[in-house]
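Here are my notes for a first look at this one. Have the structure open while you read, and go through the points in order.

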Amino acid sequence: MERAGHLPGLSADAVDWRTLTFRRGAETLDVAVPVLSEAQIAELATRVRTNARTYLRRRTVAQIAATIDRAVARLLDRGDPWRQKAERLLPLVTGYDAEMVRLGLTGYLKTFRGPELRKFIAEDFANPAVLDDFQPVPKGGFARAFGPELLLHVWAGNVPGLPLWSLISGLLVKAGTVGKLPSAEPLFAGWFAQILAEIDPELADCIAIVWWKGGDEAAERAWLGRADTVVAYGGNDALEAIRARVPITTRFLPYGHKISFGMVARSALDAGKAGAVARQAAYDVARYDQQGCYSPQTFFVERGGRVSPREFAGYLAHELDALGSKFPRRSLSMGEAGGVASWRNAEETKGFADPSRALLGDPAGSWAVAYTDAADGLSPCGLNRTVTVVAVDRLADAVPGLAPYRAFLQTVGIAAAPEELFGLAGALGAVGVTRLCALGRMTAPEAGWHHDGRFNLLDLVTMTEIEGSAERAADTFAPYTD
């Protein structure tokens with residue numbers, strides 16, 4: 001039995017626990033998650049808020065970042081017991097291939113090392129010292145950034161370790177942090193809090209990692225009513241339900257469903273480059289089986305290169321087949337398998353009516369590439385290693401068809417020459433795209449990434465200003481003016 005969460009000040013014996021069972025083949029893992037009473041919620045919220053006020057506010061952001069760096073170093077060390085536990089149990093909980101989890105964790109965790117955290121902070125604050133004390137501002141006077149005393153995170157569990165991004169963001173603005181574990185992956189956030197407790201127990205007392213069953217309105221309202229700011233991840237319907245229960249005075253930052261895609265210019269489609277481009281594109285599709293918002297569902301491929309879009313679809317199929325041997329796809333739920341089968345059937349039916357279309361896939365159904373000459377905007381794929389290749393005369397021709405999806409667009413992985421890249425960037429940004437990156441990097445945002453075009457840290461803080469008038473007036477009351 002593995003126990004999830006982190007409950008500073010609460011005795012485990014005083015807490016009710018519920019068991020979540022994960023089965024992957026012959027292996028089974030039971031995870032106990034905490035079920036808190038309303039009195040325990042109130043006690044824990046008060047403790048986290050008080051600890052953050054009395055401890056985090058006294059620490060500099062550089063000291064907090066250094067502690068985070070030490071914790072992340074532990075998780076990057078394959079000889080460390082916490083890393084070994086993550087490598088052993090996360091594949092069992094999530095169903096993802098163990099080697100994919102290992103490589104994915106390493107790449108992701110490197111984003112939170114000390115140098116990267118400095119980039120993270122500098123991206124939002126020209127003068128990071130504004131998080132520690134009042135600093136001069138260009139318009140005159142002084143300003144200081146204050147994080148919320150109690151920041152509630154409602155996390156999704158579609159990608160291992162995903163909660164770390166917002167949890168660390170909260171710590172960097174010195175917020176007391178409460179995170180709601182996702183039932184799909186309830187372990188990693190609690191492990192991170194426990195590592196922090198070994199390094200800096202007082203900092204770990206500013207964090208609580210809790211759980212409640214999705215749809216439990218009583219528990220949700222109890223936490224929402226105590227938070228100053230709420231950051232929530234999930235499907236749009238779930239976020240809308242949370243929004244309806246968040247008090248009007250509470251800042252609400254939702255991150256909902258998004259669509260991402262790739263673009264391949266003819267300049268990337270000669271015989272010497274196309275194979276590598278297809279390999280990078282296939283990795284973006286295969287990594288975590290397209291469960292992240294940044295995973296591509298469509299590739300727009302330009303005609304006129306030495307490798308045609310249809311041939312590129314074949315290259316992509318070959319690479320997905322190779323990755324299937326190296327990183328087998330996880331077992332799908334009945335609903336997921338039904339979604340893939342429905343998408344494949346629909347693509348096959350379209351092919352009967354239109355000979356220019358094609359569906360490439362392995363007999364076992366573990367991946368599939370649909371090809372079409374019809375540039376008809378974006379259409380959702382079946383996820384879980386299914387993707388559509390759309391041929392276009394010019395990549396710019398695909399942009400007008402993206403406009404109806406403005407609210408849902410996020411990442412574009414692109415293979416193009418510099419002039420093409422910057423020309424497309426303006427057009428894509430105008431229709432709502434918030435991130436352009438290299439193919440092969442779609443699922444690995446850089447430190448300081450503006451998630452959905454927003455600020456990771458600035459969105460969490462409020463600014464307190466000492467206006468120049470107050471400073472000048474204060475000078476008249478100083479002893480030296482007598």
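1. On a 1 Å grid over the protein atoms alone, a cavity is a set of points where a 1.4 Å probe fits but cannot get out, while a pocket is an open set with protein on both sides within 12 Å along at least five of seven lines; lining residues have an atom within 4 Å of a point. Grid points are joined across faces, edges and corners, and a volume is the space filled by probe spheres set on the points. With that in hand, searching the whole structure turns up two cavities of 30 Å³ or more.

2. Some ground rules. This is a predicted model, where local features need pLDDT of at least 70, side-chain atom pairs count only at pLDDT 80 or more, and totals for chains, interfaces and linings use all residues. Residues are numbered from 1 along each chain as its sequence is written, and side-chain values use heavy atoms, with hydrogens and water left out.

3. The largest cavity holds about 100 Å³ of space. Its lining includes His-153, Trp-165, Ser-166, Tyr-233, Tyr-255 and Asp-459. Helix H6 (164-172), strand S9 (229-233) and strand S10 (251-255) are the elements that give two or more residues to this lining; helices (H or I, at least four residues) and strands (E, at least two) are DSSP runs, numbered from the N terminus. H6 has the largest share, three residues. By class, the lining has seven nonpolar, four polar and one charged residues. For these classes, Ala, Val, Leu, Ile, Met, Phe, Trp, Tyr, Cys and Pro count as nonpolar, Asp, Glu, Lys and Arg as charged, and the others, Gly among them, as polar.

4. The second largest cavity has a volume of about 40 Å³. Among the residues that line it are Arg-57, Arg-144, Phe-146 and Lys-174.

5. Now the open spaces. The largest pocket contains about 950 Å³, and 43 residues line it, with Val-159, Leu-162, Gly-292, Cys-293 and Tyr-294 nearest its centre. Helix H4 (residues 98-109) gives the most to the lining, with four residues. The classes come out as 18 nonpolar, 18 polar and seven charged.

6. The second largest pocket has a volume of about 300 Å³. It is lined by 20 residues, and Val-154, Trp-155, Lys-180, Tyr-233 and Ala-238 are the closest to its centre. Helix H10 (residues 236-245) supplies the largest share of that lining, five residues. You'll find 11 nonpolar, six polar and three charged residues there. Tyr-233 also lines the largest cavity.

7. What about disulfides (pairs of cysteine sulfur atoms within 2.5 Å)? The count is zero. For Cys-293, the nearest cysteine sulfur is that of Cys-381, 13 Å away. Cys-293 is partly exposed, at 28% relative accessible area; buried means under 20%, exposed over 50%, partly exposed in between (1.4 Å probe, protein chains only). Cys-437 is in no disulfide either, with the sulfur of Cys-293 nearest at 14 Å. Cys-437 counts as buried, at 12% relative accessibility.

8. Last, a sheet to find. Three strands form an open sheet in the order S4-S5-S18, with antiparallel pairing; two strands pair if DSSP finds at least two bridges between them. Strand S4 (135-136) and strand S18 (462-466) are at the edges, each with a single partner strand, so one side of each has no neighbour in the sheet. S4 pairs with strand S5 (residues 142-146) over two bridges, and Pro-136 stands opposite Phe-142 in S5.

How values were computed: A disulfide is a pair of cysteine sulfur atoms within 2.5 Å.
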